[in-house]
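Dear colleague,

Please read the notes with the structure open beside them.

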Amino acid sequence: MPTPETGADDVRWTLEDLHADPEVLKDDLAEVKADAEAFADRYRGRIGDLGAEALADALDTLGSIHDRLGRAQAYAYLHWTADTNDPERGALRQEVQETVDRIQQQLVFVETEWVAVPEERVEDLLSHDALADYRHYLETEHLRKEHVLSEVEEKVLSEKNITGKNAWTRFFDETLGAARYELDGESLTQEEILSKLYEPNRTLRREAALSFTEGLKEHRRTLTFVFNTLLADKASTDRLRDYDHWLEQRNLANEVDDETVETLIDAVTGRYDLVARFYRLKKRLLGVDELYDYDRYAPVREADSTYEWDEARSLVLDAYDDFHPDMAQTARRFFDDNWIDAALEPGKRSGAFSHGTVPSAHPYVLLNYTGKARDVQTLAHELGHGVHQSLAREQTIFHHGTPLTTAEMASVFGEMLVFQRLMRREDDPANRLALLMSKIDDTIATVFRQVAMNRFEARIHTDRRQSGELQSDQFAEHWMETQRAMFEGSVTLGDHYQHWWSYVPHFLHTPGYVYAYAFGELLVLALYARYEESDGGFADQYLDLLRAGGSDWPHELVGRMGVDLEDEDFWQNGLSHIEGLIEQAEMLADQTAVERPARGDGAPTS
């Protein structure tokens with residue numbers, strides 16, 4: 001299928017900043033391997049005896065090794081995502097992953113020896129200024145001591161990951177990357193078929209949903225097996241590491257306690273009434289007798305406008321510049337220096353992401369740009385990540401990344417800036433309503449849908465551990481029950497929708513990830529409220545927060561902005577803000593005669 005005329009068909013990244021070509025990459029890895037072996041010869045058996053200055057020197061060297069390994073992995077991964085059907089790219093990714101994994105096995109002793117250091121000595125070491133750049137990394141690593149195995153065991157787990165989890169997630173990506181969905185005589189990618197769910201024509205949305213379902217059904221047996229295998233793999237790893245429940249490892253990695261996550265989930269599931277209230281409003285605005293799953297993202301007005309790539313670029317950069325010139329300047333480099341891959345290409349990884357790479361390099365953004373309004377928001381979202389990752393390059397590689405709980409903060413904030421700019425420049429009340437409804441669509445998906453998916457994850461992990469291998473129908477049952485709970489009868493889920501659990505990559509790549517979206521959205525609502533209330537200085541503080549990367553606990557970092565994550569009312573305040581958006585939309589709907597989109601095929605059944 002020819003790509004839409006958006007001006008993005010030539011927007012491709014260049015990866016030379018990471019490595020000139022695959023052969024240079026392999027030569028560099030050989031040098032890193034030798035350096036890692038020399039490091040191990042010098043420090044193995046000595047980590048617990050090093051003083052603060054000596055430990056800092058060791059971590060300087062270790063950080064340099066990790067940085068070079070990260071460059072190689074980033075190059076191989078990004079090179080592959082641009083065409084997952086290319087066997088040479090897949091082979092390079094696998095070769096690099098295997099090489100990097102074996103080099104990292106030489107370094108496992110640092111972790112296993114550090115967690116064995118007595119608590120009192122750890123506290124003494126972390127009080128020294130020499131370790132300031134590594135303090136948070138060292139304290140969080142030591143907190144994992146109950147779950148770290150011996151050096152030999154850690155090496156075995158690392159080795160088996162190559163042909164275990166890593167292989168299965170790659171197989172999943174390549175399977176769906178190669179899948180095609182037939183619609184009106186054309187063969188569409190996943191990105192292209194799902195974009196049809198945002199079209200005003202109801203018949204088109206319905207046919208796209210059914211076509212996507214048929215494609216998933218063709219791979220039903222394969223995807224069911226992949227899910228079962230990876231659920232069992234995680235259960236095995238959790239058991240070996242003595243985690244109490246399926247989400248404990250993710251919560252530790254997110255630097256948040258179980259109670260906080262449970263409070264978040266309870267708060268969101270306790271306000272599913274907001275989801276039902278919003279979709280009842282949408283049903284009224286669309287003028288349909290029954291709202292189906294494929295109607296959820298329908299525009300409330302006939303809206304066939306598209307955004308050329310240059311226009312999307314201007315919208316995002318102008319919104320960022322209004323907030324802080326440094327934010328816009330950082331984002332502008334992604335366009336000027338070819339750090340974005342936005343073209344639609346066969347075999348390209350679906351979706352969108354910003355890959356933070358390593359401090360010595362820079363992030364890269366992948367999009368599948370179709371020119372829709374939501375693509376502008378996606379661009380704002382991923383560039384928010386990119387700005388965060390760029391500014392955090394001031395940190396060492398140990399603090400460069402952030403836990404998932406704050407990883408979505410800058411991306412969602414970037415979306416909010418663009419949304420508010422669009423609202424400010426729109427005088428037509430009907431257009432304002434359309435914009436607001438689209439924003440609430442995204443918010444519902446980010447907060448409530450992600451938590452509903454967390455409830456699905458909890459079910460399938462628990463069921464797999466208690467009852468053994470799950471059948472496709474069991475996955476479908478868990479999916480439909482957790483999805484129906486969210487809608488509270490406001491949306492009719494067709495039988496075809498039972499298969500849609502099988503295409504979500506987060507379930508496999510990063511189990512437990514999805515609640516972080518809700519965490520990030522509600523956090524941003526709090527931060528944006530602070531921004532609107534401030535009389536200056538907020539933007540500078542916000543950029544300092546991004547520069548801090550993962551150098552401290554999330555509650556400490558955002559606490560500097562006046563946001564208390566440990567306040568019991570924190571999540572409820574964010575949910576109340578969403579309720580306010582819905583109330584605003586209801587008032588606009590009452591005041592405005594909205595031009596309703598054509599219903600296409602009347603009121604189709606599923």
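This is a predicted model: local features need pLDDT of at least 70, side-chain atom pairs count only at pLDDT 80 or more; totals for chains, interfaces and linings use all residues.

On one side of helix 13, E259 and D266 are exposed, whereas the buried residues of this helix are T260, V261, L264, I265, A267 and V268. Helix 13 itself has 12 residues and reaches 16 Å from its first C-alpha to its last, close to the 16 Å expected at 1.5 Å a residue. Its N-terminal end is capped by D257, a side-chain oxygen of which lies 3.1 Å from the backbone nitrogen of E259. The buried residues of helix 13 pack against helix 12 (248-253), helix 14, helix 21, helix 24 and helix 27.

Helix 27, for its part, runs over residues 570-591 and spans 32 Å between its first and last C-alpha, close to the 32 Å expected. Its buried residues are F570, W571, G574, L575, I578, L581, I582, A585, L588 and A589, and they fall on the same side of helix 27, since they cover an arc of only 155° around the axis. The face turned away from this buried side carries the exposed residues D590 and Q591, while the cover over the buried residues includes helix 13 (258-269), helix 14 (272-286), helix 21 (429-467) and helix 24 (515-533).

As for charged pairs, the structure holds 41 salt bridges. R271, D273, R277, E579, E583 and E586 are linked in a network of them. E481 and R459 also meet in a salt bridge, at 2.4 Å from N to O; because E481 lies in helix 22 (residues 472-487) and R459 in helix 21, this pair ties together parts that are 22 residues apart in sequence. Within helix 7 (residues 151-163), K155 and E151 sit 4 residues apart, about one turn of the helix, and form a salt bridge whose closest N and O atoms are 3.5 Å apart. K155 counts as partly exposed at 23% relative accessibility, whereas E151 is buried at 19%.

E113, in helix 4 (residues 108-114), is buried yet has no salt bridge, the nearest side chain of opposite charge being that of R44, 5.5 Å away. A polar atom of the E113 side chain does, however, lie 3.4 Å from the backbone nitrogen of R46, and the residues that E113 touches include Y43, R44, G45 and I47.

Conventions: Residues are numbered from 1 along each chain as its sequence is written. Side-chain values use heavy atoms; hydrogens and water are left out. Helices (H or I, at least four residues) and strands (E, at least two) are DSSP runs, numbered from the N terminus. Buried means under 20% relative accessible area, exposed over 50%, partly exposed in between (1.4 Å probe, protein chains only). Lys and Arg count as positive and Asp and Glu as negative; His and the chain ends are not counted. A salt bridge is a side-chain nitrogen of Lys or Arg within 4 Å of a carboxyl oxygen of Asp or Glu. A polar contact is a pair of N or O atoms within 3.5 Å; within protein, one must be able to donate a hydrogen and the other to accept it, and residues adjacent in sequence count only if both atoms are side-chain atoms. Contact means heavy atoms within 4.5 Å. The expected span of a helix is 1.5 Å times one less than its number of residues. The arc is that of the directions from the helix axis to the C-beta atoms. Lists of a residue's contacts leave out its neighbours within four places in sequence.
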